[in-house]
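Here's a quick briefing on a protein model. Have a look at the structure first, and then we'll walk through a few spots in it.

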Amino acid sequence: MATPRFSFINYLACGSASFCSTSQDNVYTSTNLASPQRPFFPYHSASSSQAKRLVIDLGSTHQTDLIAAIRANFTTIRFKGTNTNTCAGWATPGYDSTNLTMTRNPYTGRYQILHAPTADFPYRFIGVEIPSQVTVKEEETESTAAAYFLIGGVWAGPSTGPASHLRIPVGMRTIEPRDDVGPSHDGWTQRLRLGKPRIRLVASRLVGVTSASPGLSDELDTTLALDQRMRERDLFLCDLNLGDPSQAWVVRRRSDLDWTLAGRTAEGPLELEEVTGP
């Protein structure tokens with residue numbers, strides 16, 4: 001059973017954010033961190049020979065509840081927060097997550113992490129540090145791991161939870177873009193891989209309603225307000241809150257609003273799909 005939480009604002013993508021790094025590729029620069037919905041157009045460091053540091057200037061102080069690194073080719077990361085910037089590093093940051101371990105997402109196979117700061121995080125500058133380590137292969141078929149660090153994107157923003165911390169069963173479907181082609185006699189087929197796996201989440205929500213006035217100042221009203229934010233923002237971060245920090249994705253809602261009222265309850269579907277480009 002999942003108790004999902006969402007973030008509808010990515011401070012990195014609000015237009016006032018700027019970026020600096022101690023190492024970056026000429027094409028895949030640190031500005032790509034602002035687009036976690038395009039994890040295959042990532043940030044690359046110039047090499048993987050030493051620890052790397054990226055500093056995100058949000059332009060002003062923001063209360064950050066969730067920080068997610070989407071897709072990486074390494075397993076240890078560290079987040080820091082401060083109101084005094086220096087790309088060279090911070091001796092005494094206001095917040096320091098210490099080293100965190102990223103694991104492989106079981107449904108998409110990508111290394112990623114969602115971190116909820118364990119203390120107040122009202123900072124202007126977010127540090128993303130990549131300690132010295134070896135890179136990992138993203139797929140078993142790769143001959144060697146890349147000679148650089150990569151991060152597909154970062155989401156940092158406020159958190160919003162479901163009505164009354166509702167626990168719901170969630171169906172998990174991994175979409176594997178492919179096309180099996182072959183002759184009309186079906187004597188053989190050849191599989192064409194057309195993209196990377198991505199997740200689709202399907203849930204049925206059951207919420208309480210006020211029978212005299214359904215949808216007015218009740219759980220349905222709160223949930224409909226959440227649905228409206230999903231529509232208005234289009235892209236948002238979803239964390240299933242299942243104890244696995246790799247199970248967070250940038251998604252958009254696929255399902256329409258379709259609620260069935262029955263006495264003191266209302267039931268409606270929710271279908272979310274991970275966004276990975278273009």
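Predicted model: local features only at pLDDT ≥ 70, side-chain atom pairs only at ≥ 80, totals over all residues.

Let's start with a term: a residue is buried if its relative accessible area is under 20%, exposed if over 50%, and partly exposed in between (1.4 Å probe, protein chains only). Residues are numbered from 1 along each chain as its sequence is written, and side-chain values use heavy atoms, with hydrogens and water left out.

**Salt bridges**
- A salt bridge here means a side-chain nitrogen of Lys or Arg within 4 Å of a carboxyl oxygen of Asp or Glu, and the structure holds 18 of them.
- One of them joins Asp 239 to Arg 5, with the closest N and O atoms 2.5 Å apart.
- That pair ties together distant parts of the chain, 234 residues apart: Asp 239 sits in strand β18 (residues 236-239) and Arg 5 in strand β1 (residues 5-7).
- Strands like these are DSSP runs (E, at least two residues), numbered from the N terminus.
- Arg 5 counts as partly exposed because its relative accessibility is 22%.

- Arg 198, Arg 200, Arg 254, Glu 271 and Glu 273 are all linked in a network of salt bridges.
- Within it, Glu 271 meets Arg 200 at 3.8 Å, N to O.
- This pair links strand β21 with strand β17, 71 residues apart.
- Arg 254 also pairs with Glu 273, their closest N and O atoms being 3.4 Å apart.
- Is each partner buried or exposed, or in between? Arg 254 is partly exposed at 44%, while Glu 273 counts as buried at 11%.

**Strand partners of β21**
- Strands count as paired if DSSP finds at least two bridges between them.
- β17 and β21 (residues 265-274) pair in the antiparallel sense over nine bridges.
- Strand β19 (residues 248-253) is also antiparallel to β21, joined by three bridges.
- Leu 272 in β21 is the bridge partner of Leu 201 and also of Arg 253.

**A tucked-away serine**
- Ser 97 lies in the loop between β7 (95-96) and β8 (100-101), and it is buried, with a relative accessible area of 9%.
- A polar atom of the Ser 97 side chain lies 2.9 Å from the backbone nitrogen of Phe 79.

Technical notes:
Helix = DSSP H or I, 4+ residues; strand = E, 2+ residues; numbered from the N terminus. Polar contact = N/O pair within 3.5 Å; in protein donor to acceptor, adjacent residues only side chain to side chain.
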